[in-house]
Amino acid sequence: MPRITDVPVLPPASTAPDQAAEHPAPPATAPSRPQQPNRPKQPQRPNRPQRPKQPERHRGHAWARLVSPVAVVLLWQLVSSAGLVSAQKLPPPVTVWRTAVSLVTTDSPAYGTLQGAMLVSLQRMAIGFAVGAVAAIGLALVAGLSRVGEDAVDPLMQILRTLPLFGLIPVFIVWFGIGELPKVILIALGAAIPLYLNTFAGIRSVDARLAEAGRALGLSRTEMIRHVILPGALPQALTGLRQSLGVAWLALVVAEQVNANAGLGFIISQATQFLRNDVILVALAVYAALGLITDALVRLLERKALAWRRGLLSQ
Amino acid sequence: MAPRTPLPVAAQATAARGLVREFDGRRVLDGLDLDIAPGEFVALLGVSGTGKSTLLRALAGLDRQVTGTIDVPDRIAVAFQEPRLLPWRTVLANIALGLRTREPETAARSALAEVGLTERAQAWPLTLSGGEAQRAALARALVREPGLLLLDEPFSALDALTRMAMHRLVLRLWQRHQPAVLLVTHDVDEALVLADRVLVLAGGRITFSAPVDLPRDRDRDRDHPALIELRHELLRQLGVSQEG
């Protein structure tokens, strides 16, 4: 008799994987929990900001992460000062800094101003990226939300994706000349591909069980897209956004090397002719800084838009 | 309290006739008939893979490949084994989702109060415990004032203590709102504690049906001879008992 009653009370073993699949976020955030025991130490740290909980560890960490880059710059300066490498080939950090300041303060005939060039490059980037992003998201929606759309759009995008982006430059020059248009198109194309692929995959990977729950709640097609599909696709779409920004910056740098008469790429090609590696380094640093800033912006966006994922940590 | 047989065949009764559903040539539902009276609490038992969830999805209108006739109340609500709350909407927004009433948020708030989750209204679902999430899912189902409430093993992922609390909550809500309930479960004791009538699904049909004629505080009364006898019979029907 006792054996009989034992049987049906068993909780089903099959529920565990279901649970795990239902909540993809907790496994990603959970590993930081075990570090909690370290927290009592933190008040002794210098530079400790007043914000509670999660962010403070990141910030303390950020300072620690500055140590090695600063050390490299110092070493670079020491090597240059000691005369171990020629200042022509590798100008020391101090020289690069002075060059940067003079590029900003003087409007030289050879280079123009640094900020002017930066604006030209930024504008190319902004236009190209906006065009690429709008096209990518539109196409991903078309392909993601209907079978017909998928059959129409996805094969073309998969073909585009396999084309070597920079191999298209000669063709673009023939088609679009050497003005702004081929540059903008190259950036747009570079930005569009990863964003499309990720947004499409994000839409298609939305949890079918949530979609079923939505149907059981009687959601209309529009409500389904708005409440279930788009928010479900957002995490991966944002990953795609970061990737596409990276590719777009790269496309800008490459596009600007080709027949530019303004912009950061123009400064670099001028500096190459005058053997001014210090100027080249300044321009490269500006590219890097712009890339970092846009990446930080997307991460900020992620933090706002995906607040529901950090729910576990902030409680 | 529980409305029992016989009830007049009202518009809000649930009736399914000759349901057939095949998966890859395998008949999971094979000419199944089922009746649920308005306000009746029915538990459906069956071993794994007998098509309990298939039947529930058919009644919920989530399966378009099922054939046969189905008459169900206008408003149906489902609570699944997993809470299936949208993680990117607050608990309150989840409850109000798709509500066509005039003030969905007010209705959602009172539903949350009923399941004791008023304070978690603005929380993200991922911050809820398993029991809280399942209570929210119940609130989301009940706020629709369904004529038929379909429960697909909603307690099976919960720990034993939470499950007992959930049983009491479900009974209280059922007595207040009076929906017909179809509870799919593979837990015989759960079925006996909650239901007016227990069914066994086997071979694609309802093969066993018996009323549970006992007062409602049955979890305190597990050793009642009638319950023991019925439990025995159900286990035999499910092919678990040694005497079977």
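## Chain A: an all-helix count

Helices are DSSP runs of H or I with at least four residues, and strands are runs of E with at least two. By that count, this predicted model has 14 helices and zero strands in chain A. From the N terminus on, the elements read α-α-α-α-α-α-α-α-α-α-α-α-α-α.

Buried residues make up 27% of the 315 residues in chain A. Take the contacts in chain A between residues at least 6 apart in sequence: 69% of them join residues at least 24 apart.

## Helix α9 of chain A

Helix α9(A) covers residues 180–204. It is mostly covered, with 20 of its 25 residues buried. Its length checks out: at 1.5 Å a residue, the 25 residues should span 36 Å, and the end C-alpha atoms of α9(A) are 36 Å apart, which agrees.

## Nonpolar cores

The largest nonpolar core holds 118 residues. Within that core, A:Ile187 and B:Leu182 touch the most other members. Leaving aside residues up to four places away in sequence, A:Ile187 touches A:Arg124, A:Met125, A:Gly128, A:Phe129 and A:Gly132, and also A:Ala248, A:Ala251, A:Leu252 and A:Ala255.

Strands of a sheet pair through backbone hydrogen bonds, either parallel or antiparallel. In chain B, three strands form an open sheet in the order β2-β1-β4, with antiparallel pairing. Strands β2 (26–36) and β4 (67–71) of chain B stand at the edges. Each has a single partner strand, so one side of each is left without a neighbour in the sheet. The twist averages 20 degrees from one strand to the next.

Strand β1(B), residues 14–23, pairs with β2(B) over eight bridges in the antiparallel sense. One bridge partner is B:Asp35 in β2(B), which faces B:Ala15. Helix α1(B), residues 52–59, packs on the sheet and touches β1, β2 and β4 of chain B. The direction of α1(B) makes about 120 degrees with that of β1(B).

## Two sides of helix α3 in chain B

Helix α3(B) covers residues 104–114, where B:Ala108, B:Ala111 and B:Leu112 are buried. Seen down the axis of α3(B), the buried residues fall within an arc of 100degrees, so they line one face of the helix. An α-helix has 3.6 residues a turn, so residues three or four places apart point the same way.

The buried residues of α3(B) pack against α2 (91–96) and α4 (130–142) of chain B. On the other side of α3(B), B:Thr106 and B:Ser110 are exposed. Just after α3(B), B:Gly116 takes a positive phi of about 75 degrees.

Technical notes:
Residues are numbered from 1 along each chain as its sequence is written. Chains are lettered from A and ligands numbered from 1 in the order in which they are written. This is a predicted model: local features need pLDDT of at least 70, side-chain atom pairs count only at pLDDT 80 or more; totals for chains, interfaces and linings use all residues. Two strands pair if DSSP finds at least two bridges between them. Axes are lines fitted to C-alpha atoms, for helices over the stretch in contact, and angles run from 0 to 180 degrees between N-to-C directions. Two residues are in contact if their C-beta atoms, placed from the backbone, lie within 7 Å. A residue is buried if 20 or more other C-beta atoms lie within 10 Å of its own, exposed if 12 or fewer, and partly exposed in between; C-beta atoms are placed from the backbone. A nonpolar core is a set of buried Ala, Val, Leu, Ile, Met, Phe, Trp, Tyr and Cys residues joined through C-beta atoms within 7 Å. The expected span of a helix is 1.5 Å times one less than its number of residues. The arc is that of the directions from the helix axis to the C-beta atoms.
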